[in-house]
Amino acid sequence: MGVCSSKIVEKEFSSVPVVKPGLKRGTTVMHTLGDSAQVADLGSKLVNQAEDMDREMDGSVPLLALVAHDNMKGMMKQFALVHKALLKDFRLTGTGTTCKMLSSIGLQPVGQTKSGPLGGDQEIGAMICREELQGIFFFRDPLSAHAHIADIEALMRLADCYQVYHCTNYRSAAAVLTVMHDRLKTAAHGGVRRSVALPEGVAGLKQLTEDPQAASAPEVAVGQV
């Protein structure tokens with residue numbers, strides 16, 4: 001497995017600022033559920049989690065994880081080359097091999113994980129739980145068996161729990177990256193861009209789930225995806 005340049009590897013994730021100072025972590029819906037596996041009205045809570053994650057991104061530079069199975073590493077590199085102009089505005093991470101590839105094309109990853117079979121998927125999952133990660137671009141090999149399939153499934157489950165962007169093929173990754181970058185540009189000019197759409201007159205999805213009648217108002221798309 002390759003390694004990043006020493007200048008990059010020296011940084012541990014714990015020492016890398018992920019959100020703008022002053023933003024409070026641990027306030028999303030997922031952090032209010034406690035230890036119970038049985039959650040009443042889970043669908044509504046996950047919708048509210050999606051809105052919370054949108055809010056968590058305000059004022060921060062999102063961290064994206066790029067992951068690829070061995071047969072998909074060529075696709076991942078092609079994706080990074082084609083979308084380099086967009087990716088450079090994000091904070092990037094991945095395995096040592098991925099970091100080396102990103103560095104070779106002029107991008108600067110902020111840290112690295114172990115390879116997937118040796119715990120890398122679980123490390124990325126931990127970043128999700130700590131609300132440090134906003135997106136996963138996982139170029140999966142759909143035609144091969146994987147020894148660490150349980151880790152992959154656990155990672156995807158956490159992405160669903162925390163409503164983190166996760167893409168497993170080239171087209172969806174390109175679409176999500178474009179939307180996320182568009183939001184960055186909007187925020188840079190003082191605007192606010194959301195990934196969830198709200199009906200007109202509704203301040204937030206929590207209001208909508210508490211008052212279903214609010215949904216009768218015509219929708220105004222204030223975000224995409």
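The buried residues of helix H6 pack against strands E1 (63-68), E2 (91-95), E3 (112-113) and E4 (135-139) and against helix H7 (149-162), where contact means heavy atoms within 4.5 Å. The structure is a predicted model, in which local features need pLDDT of at least 70 and side-chain atom pairs count only at pLDDT 80 or more, whereas totals for chains, interfaces and linings use all residues. Residues are numbered from 1 along each chain as its sequence is written, and side-chain values use heavy atoms, with hydrogens and water left out. Helices (H or I, at least four residues) and strands (E, at least two) are DSSP runs, numbered from the N terminus.

Helix H6 spans residues 120-129, and its buried residues are Gly120, Asp121, Ile124, Gly125, Met127 and Ile128. These residues lie on the same side of H6, because they cover an arc of only 155° around the axis; the arc is that of the directions from the helix axis to the C-beta atoms. Buried means under 20% relative accessible area, exposed over 50%, and partly exposed in between (1.4 Å probe, protein chains only). An α-helix has 3.6 residues a turn, so residues three or four places apart point the same way. After H6 comes Glu131, with a positive phi near 60°.

Helix H7 has 14 residues, and the distance from its first C-alpha to its last is 20 Å, close to the 20 Å expected at 1.5 Å a residue. The expected span is 1.5 Å times one less than the number of residues. Asp151, Ile152, Leu155, Met156, Leu158, Ala159 and Tyr162 are buried in H7. Their arc around the axis is only 155°, which puts them on the same side of H7. Ala150, Glu153 and Arg157 are exposed, on the face of H7 turned away from its buried side. Ile149, also in helix H7, is partly exposed, at 38% relative accessibility. The C-alpha atom of Ile149 is 8.8 Å from that of Pro117, although the two are 32 residues apart along the chain. Just after H7, Gln163 has a positive phi of about 55°.

Two strands count as paired if DSSP finds at least two bridges between them. Strands of a sheet pair through backbone hydrogen bonds, either parallel or antiparallel.

Strand E1 is largely enclosed by the rest of the structure, because 6 of its 6 residues are buried. Leu63, Ala65 and Val67 point one way from E1, and Leu64, Leu66 and Ala68 point the other way. E1 is joined to E2 by 3 bridges, the two strands running parallel, and Leu64 has Leu92 of E2 as its bridge partner. Between E1 and E4, which also run parallel, there are 5 bridges; Ala68 stands opposite Phe139 in E4. E2 and E3 run parallel and are joined by 2 bridges, with Gly94 partnered by Gln112 in E3.

The structure holds 2 salt bridges, a salt bridge being a side-chain nitrogen of Lys or Arg within 4 Å of a carboxyl oxygen of Asp or Glu. One joins Lys88 to Asp89, with the closest N and O atoms 3.4 Å apart. Lys88 is exposed, at 54% relative accessibility, and Asp89 is partly exposed, at 32%. The other joins Glu132 to Arg130, with a closest N to O distance of 3.0 Å. Glu132 is buried, with a relative accessibility of 9%, whereas Arg130 is partly exposed, with 41%.

For the protein chain as a whole, the secondary structure comes to 9 helices and 7 strands. Of its 225 residues, 46% count as buried. Among contacts with a separation of 6 or more, 70% are between residues 24 or more positions apart.
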